[in-house]
Amino acid sequence: LTGSVTGKESEEVTFAASVGVANERSPYDIASVLAVSSALVTLERPFLDVEVSVNGSTDEAVVISARSQSQVTVDFSNALDGTVYDGAIRVTLGGNALDETSIRTEHGHYDSSNNTLTWDYNSFDELEELIPGARHRVSFSLSPRSDVRESPSVTLAVSIEGKRVNE
């Protein structure tokens, strides 16, 4: 069982789960509950801060021209008091206007089989040891396809990870 939770810092969320025998008429319903459990979780601030901008804009949706390269930057920093090691950043691209042949980056690797750009401590030295408060940046550029007429879009999802040693 996996998932994600969004909310505000210090907000408390309760996870509840029931286990039992499936209902014969509706296999997604429980006919007879055998066990129930719950857990209270307090949301914390992420230990790595990330800000993404497209052509200098941090808006959630940005209009880009099909006739020119658009610059995407990912600024990141360690929000902890201790050092974070072995960082990795992944940007997964999608959308019907994504032109895989136009993607350019320094220090990163583009995997066309899953449309993912990756920077890690092997290719970008700043990710090996992230000291508290220091800001760093990775970037790439792309041009959207110009032959998509109906609702052209390029999407991106960013994930960042690292190892906390002092916890």
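Q: What makes S4 and S10 a pair of strands?
A: Strands, which are DSSP runs of E with at least two residues, numbered from the N terminus, pair if DSSP finds at least two bridges between them. S4 and S10 are joined by eight bridges and run antiparallel, so they meet the cut-off of at least two. One of the bridges links serine 77 to arginine 135 in S10. This is a predicted model in which local features need pLDDT of at least 70 and side-chain atom pairs pLDDT 80 or more, while totals for chains, interfaces and linings use all residues. Residues are numbered from 1 along each chain as its sequence is written, and side-chain values use heavy atoms, leaving out hydrogens and water.

Q: Why do S6 and S10 count as paired?
A: Two bridges join strand S6 (residues 104-105) to S10, and because the definition asks for at least two, the pairing counts. These two strands run antiparallel. Arginine 104 has serine 141 of S10 as its bridge partner.

Q: Why is threonine 73 called buried?
A: Threonine 73, in strand S4, has 10% relative accessibility. Buried means under 20% relative accessible area, exposed over 50% and partly exposed in between, with a 1.4 Å probe and protein chains only, so threonine 73 counts as buried.

Q: What makes the approach of threonine 73 to serine 53 a polar contact?
A: The two side chains make this contact at 2.4 Å. A polar contact needs N or O atoms within 3.5 Å, one able to donate a hydrogen and the other to accept it. Beyond its neighbours within four places in sequence, threonine 73 is also in contact (heavy atoms within 4.5 Å) with residues including Glu51, Arg137 and Ser139.

Q: Why is the aromatic pair of tryptophan 119 and phenylalanine 140 classed as it is?
A: The ring centres are 6.3 Å apart and the planes stand at 35°. Rings pair if their centres lie within 6.5 Å; planes under 30 degrees apart are stacked, over 60 edge-to-face, and the rest tilted. The pair is therefore tilted. A search of the whole structure finds one aromatic pair. Tryptophan 119 lies in S8 and phenylalanine 140 in S10, so the pair ties together parts 21 residues apart in sequence.

Q: How do you know whether these two residues are buried or exposed?
A: Tryptophan 119 has a relative accessible area of 0% and is buried. Phenylalanine 140, at 1%, counts as buried too.

Q: Which residues have the most contacts inside the largest nonpolar core?
A: They are Ile89, Val91, Leu93, Leu117, Trp119 and Phe140, in a core of 22 residues. S5 gives the most to this core, with four residues.

Conventions
Core = buried A, V, L, I, M, F, W, Y, C linked by side-chain atoms within 4.5 Å. Phe/Tyr/Trp six-rings, centres within 6.5 Å; stacked < 30°, edge-to-face > 60°.
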